[in-house]
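Please open the model in your viewer and keep the selection tool at hand.

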Amino acid sequence: MRRHATRRAHAAPEEPGDRPRIAVLIPAHNEQERISAAIDGLWEQTRRPDLIVVVTDNCTDDTAGVAAAHGAQVFPTQGNTHKKAGALNQAIAWVLPHLDDRDLLLVQDADTVLNPWFVETALATFNRKVGAVGGVFYGEDGGGFLGLLQRMEFHRYAWELERTGGRAQVLTGTGTMFRARVLREVRAARRTGELGGGTGYYSLASLTEDDEMTKAVKTLGYRAMSPAGCAVTTEVMPTLPKLWHQRLRWQRGALENLRDYGWTRVTARYFMQQFLMGFGALSFLVYLTYMAAYTSLYGWPGLSPFWTAIGMIFIVEKTVSVRRAGPKAVLVAALMIPEMLYDLFQHAVYFTSLWGLVRRSEEKWVAT
């Protein structure tokens with residue numbers, strides 16, 4: 001990113017006057033069963049939005065009718081072939097001309113419900129340096145044991161965000177609020193070639209448009225925040241195949257975004273995270289292989305006081321980080337084995353994504 005883009009991000013001061021207007025866009029493809037809960041959650045905000053728009057994208061069910069019945073305006077996309085990013089680009093291009101630079105645009109998934117303080121908390125978080133405020137996502141009830149493991153994973157992510165002062169790693173698609181000025185700057189940067197991904201607001205070249213948008217906002221010099229009060233409840237995947245497709249898209253998209261951006265002051269941290277993830281996964285596999293081989297040749301090696309102490313610290317950290325998820329989550333964390341298997345699943349996703357990137361195979365977007 002050129003230096004003048006970073007300077008531009010802090011050039012415009014906050015203007016005095018009335019409170020900013022808030023518009024909401026909910027991209028939806030055949031979401032008639034869930035859209036009402038998403039809309040109702042917005043009307044129940046302590047600071048209600050001024051406009052709620054459901055962006056119906058190639059729907060064949062009654063999403064539009066249900067949305068209208070719950071007080072939302074409906075915006076149907078026209079000829080969109082670029083999934084969620086394409087739908088959002090059309091809707092943002094339609095609504096943004098009616099918003100001032102200081103106004104706010106909230107983008108929320110149709111399978112997500114915001115907590116009642118989301119909007120109020122996000123408003124209080126914005127300042128001249130903060131360009132976007134993302135949600136802290138938690139898993140909804142259900143999904144059996146697999147759903148529980150996902151909820152534990154999400155609780156750990158929220159715990160880590162809290163420990164880092166709410167600095168967002170990803171402006172999650174489940175719910176993120178943008179300053180209108182920032183979205184205009186993102187589009188301008190794409191049109192001049194400072195950012196890739198087409199000439200719209202969201203990148204059309206990314207499998208994970210929210211991860212790419214995070215890097216775009218940060219590249220322009222803004223901070224991205226995810227305060228604890230911006231909690232959202234979202235869908236968990238009920239089966240392993242669905243979870244596999246979801247995580248493969250997330251991981252592959254994250255790797256491709258790093259490839260496209262290259263090494264910058266913004267992406268350096270993300271490159272390091274991916275390296276540590278791969279190193280940790282590889283080390284874990286080497287350890288399991290070594291232990292299996294040693295045990296088969298020489299029998300169980302017994303318990304070492306040193307490694308037992310390390311293991312106990314690891315278990316304490318695992319259980320403490322999911323305590324808010326309930327007693328079942330704490331029990332599963334203490335048992336270790338279920339989460340070790342879940343980690344192996346995640347490692348398989350990582351190496352499959354990395355291999356696909358090396359081979360330059362095409363990963364298709366799969367609706368979940």
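Two rings of Phe, Tyr or Trp, the last by its six-membered ring, count as an aromatic pair if their centres lie within 6.5 Å. In this model, which is predicted, a search of the whole structure finds 9 such pairs.

Select Trp244 and Phe345, whose rings form an edge-to-face pair with 5.8 Å from centre to centre and 70 degrees between the planes. The pair links distant parts of the chain, since Trp244 sits in helix α9 (residues 240-261) and Phe345 in helix α13 (residues 337-359), 101 residues apart. Trp244 is partly exposed, with a relative accessible area of 26%, whereas Phe345 counts as buried at 16% relative accessibility.

As a last stop among the rings, select Phe137, Phe154 and Tyr157, which ring pairs link into a cluster.

Now zoom out to the whole protein, which holds 13 helices and 10 strands. Its radius of gyration is 22 Å, close to the 21 Å that the globule rule gives for 368 residues, so the protein is as compact as a globular protein of that length. Buried residues make up 49% of the 368 residues, and the C-alpha trace spans about 75 × 45 × 40 Å along its principal axes.

To look inside, select helix α4 (residues 83-95), whose 13 residues should span 18 Å at 1.5 Å a residue, in agreement with the 19 Å between its end C-alpha atoms. Its buried residues include Lys84, Leu88, Asn89 and Ile92, and the buried residues of α4 pack against β1 (22-28), β2 (51-56), β3 (73-76), β4 (104-108) and α8 (209-219).

Which residues of the largest nonpolar core touch the most other members? Of its 34 residues, they are Leu25, Ile92, Leu105, Phe178, Tyr202 and Met213. At least two residues of this core come from each of β1, β2, α4, β4, α7 (180-191) and α8, and the largest share, 6 residues, comes from α4.

Finish by selecting Tyr202 and showing its contacts, which, not counting residues up to four places away in sequence, include Ala85, Leu88, Ile92, Phe178 and Met213.

Conventions. Residues are numbered from 1 along each chain as its sequence is written. This is a predicted model: local features need pLDDT of at least 70, side-chain atom pairs count only at pLDDT 80 or more; totals for chains, interfaces and linings use all residues. Side-chain values use heavy atoms; hydrogens and water are left out. Helices (H or I, at least four residues) and strands (E, at least two) are DSSP runs, numbered from the N terminus. The expected span of a helix is 1.5 Å times one less than its number of residues. Buried means under 20% relative accessible area, exposed over 50%, partly exposed in between (1.4 Å probe, protein chains only). Contact means heavy atoms within 4.5 Å. A nonpolar core is a set of buried Ala, Val, Leu, Ile, Met, Phe, Trp, Tyr and Cys residues joined through side-chain atoms within 4.5 Å. The radius of gyration is taken over C-alpha atoms; the globule rule is 2.2 Å times the number of residues to the power 0.38. Rings of Phe, Tyr and Trp (its six-membered ring) pair if their centres lie within 6.5 Å; planes under 30 degrees apart count as stacked, over 60 as edge-to-face and the rest as tilted.
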